[in-house]
Amino acid sequence: MLWENLREEEFSSAIKESKGLCILPIGCLEKHGQHLPVGTDVIHITEIAKRAAERETAVVFPTMYFGEKTGAGEFAGTVIFSAELRLQILRETCSEIHRNGFDKILLFDGHGGNQSMLSYFMRSTLYEKCGYSIFEYSLGSDFATPKKLMNEGYDFLTSEDRKILNSYTEQKKRFGHADFIETGWVYGVRPEAVRLDKVYAESNESTHRFDAFSEKRINTPFAWMANYPNSYEGDMHDGMNERIARAMVEYSVKKLAEVIAFLKRENISTEYRNEWEKKQKWWKSE
């Protein structure tokens, strides 16, 4: 169920059917090579959330576009918000979702760069009593890799499709950004937005400028941007087609539906949150 499509009188039944679970998809607007749109992380996650919620009933809040993209302002189409504003929007959005009757919120992340931000935000909700349980699940938590697709046994994949998928594993091709998988996700939900003829318009190879930092396990916000100045990393887009794209989307929809089903039936998180809140003596609000 899409939040924006519900009429006012339908919310009470929607909350009951979803067991109080609301999904908040979060993406960003950034360059993905020249073959994918800047809304890639919004496009695929929105449709995957919608389809998963149809399979396993949940309410899906309108997708958030304000992802962590402070490092890509040189590219047209990128939208950058301050860290303070992003956290404030998240805080108030979740508060409003809860005020409307939902006591479980799943942050469904479609952009790898959001993970630190969302982890920090979830911890920040412990600062004062919020009244809801919050979770995060990333589209990248269980990538729709060629090997996994082969194991699923999709009967609509042809023998040629399987050769393409198998070669990805055999040749140890790289995953990355705007790669084979991200291309498949978007191609599977909005094919008209993908330009497969522009896959090689720019290099997806590393400059290796910050490799020494990685070797020493030193983190810096500049490493990935310097190594991949075209905002593009990953191998083998050859052979992408509607069947492979369909399999990638179906795999990710299935995995999210499984997460939704688990969160709807579990009560450990609510029990522990209630226990933990009773023990807190330091909250700002108190």
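In this predicted model, the largest nonpolar core holds 47 residues, of which Leu106, Phe108, Met248 and Leu256 touch the most other members. At least two residues of this core are supplied by each of strand 1 (21-26), helix 2 (40-55), strand 3 (104-109), strand 4 (133-138), helix 6 (159-170), helix 7 (180-189) and helix 10 (242-265). Helix 10 provides the largest share, with 12 residues. Apart from this core lies another, made up of 24 residues that include Leu24, Ile26, Leu87 and Tyr132.

The surroundings of phenylalanine 108 were examined beyond its neighbours within four places in sequence. The residues in contact with phenylalanine 108 are Ile23, Leu24, Pro25, Ile26, Ile45, Ile48, Ala49, Tyr137, Ser138, Leu139 and Leu256.

Helix 2 and helix 10 pack with their axes 8 Å apart and at an angle of about 55°. Helix 2 is therefore oblique to helix 10. The crossing of helix 2 past helix 10 is right-handed. On the side of helix 2, the contact is made by Ile48, Ala49, Arg51, Ala52, Ala53 and Arg55; helix 10 contributes Val249, Ser252, Val253, Lys254, Leu256, Ala257 and Ile260. Classified by type, the contact between these helices has 9 nonpolar, 1 polar and 3 charged residues.

Helix 10 is also the place of lysine 255. Lysine 255 counts as buried because its relative accessibility is 18%, and the cut-off for buried is under 20%. Residues up to four places away in sequence not being counted, lysine 255 touches Tyr137 and Asp142.

Notes:
Residues numbered from 1 in each chain as written. Predicted model: local features only at pLDDT ≥ 70, side-chain atom pairs only at ≥ 80, totals over all residues. Heavy atoms only, no water. Core = buried A, V, L, I, M, F, W, Y, C linked by side-chain atoms within 4.5 Å. Buried < 20%, exposed > 50% of the residue type's maximum accessible area, 1.4 Å probe, protein only. Helix = DSSP H or I, 4+ residues; strand = E, 2+ residues; numbered from the N terminus. Contact = heavy atoms within 4.5 Å. Axes fitted to C-alpha atoms, helices over the stretch in contact; angles between N-to-C directions. Parallel < 35°, antiparallel > 145°, perpendicular 65-115°, else oblique. Left-handed = near helix turned anticlockwise from the far one by under 90°. Nonpolar A, V, L, I, M, F, W, Y, C, P; charged D, E, K, R; others polar.
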